[in-house]
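Thanks for coming. I'll take a few minutes on helix packing, then turn to some local details.

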Amino acid sequence: MATINRAASEEWFHRIKSATRDLVRLCGGVVRAGEITNTSKSEVSRWQSANDTDIIPISAVLALQAECGVPMITTVMADLEGRRLSDPESEGIAASTSCFRTHHAEFLRA
C-alpha cells in the first residue's frame, strides 16, 4: 500500500474542505445544501469545517455541483491528481474554429 506524506495529506484535506465551503455557499448555505443532498445542516457544517474529519460524500458533491453548475470539488480533485477539467462547450467552439481554419487553409491551397 502506498503511503502519503503528511504534508500532501493535509493539503488534500484542506483543499477539499475549502472547496466544500465554496460549493455550499454557492448553493445557498448549509440549510439549502442540506435540502439538496437530503442531509441535515449539521452534517453539511461538518463537511465544510476544517476542525472536523468528515468529508463530503461523492453523492453530495454531484448533487451540489449539479445544482449550481460549478464543478468546484471535482476541479480540486482533478488538480490534486495533476489533471485539469475542460469545458465541453468551449472545446466544441475550439474544435469548430479549428475545423473552419483547416477547411479555409485547404481552400487557399487549392
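H2 and H4 are roughly perpendicular to each other, a label used for angles of 65 to 115 degrees. Their axes come within 9 Å and cross at roughly 115 degrees, with H2 covering residues 30-37 and H4 residues 58-68. Axes here are lines fitted to C-alpha atoms over the stretch in contact, and angles run from 0 to 180 degrees between N-to-C directions. Helices are DSSP runs of H or I with at least four residues, numbered from the N terminus.

This is a predicted model, where local features need pLDDT of at least 70 and side-chain atom pairs pLDDT 80 or more, while totals for chains, interfaces and linings use all residues. Residues are numbered from 1 along each chain as its sequence is written, and side-chain values use heavy atoms, without hydrogens or water.

Back to the pair. Which residues make the contact? From H2 they are Arg32, Ala33, Ile36 and Thr37, and from H4 Ala60, Ala63, Leu64 and Glu67, with contact meaning heavy atoms within 4.5 Å.

Next, burial in H2. Ala33, Gly34 and Thr37 are its buried residues, meaning under 20% relative accessible area with a 1.4 Å probe, protein chains only. Viewed down the axis of H2, they fall within an arc of 105 degrees, so they line one face of the helix; the arc is taken from the directions from the helix axis to the C-beta atoms. Just after H2, Asn38 has a positive phi of about 60 degrees.

Last, Thr75, which sits in helix H5, residues 72-80.

Conventions
Helices (H or I, at least four residues) and strands (E, at least two) are DSSP runs, numbered from the N terminus. Angles under 35 degrees count as roughly parallel, over 145 as roughly antiparallel, 65 to 115 as roughly perpendicular and the rest as oblique. Buried means under 20% relative accessible area, exposed over 50%, partly exposed in between (1.4 Å probe, protein chains only).
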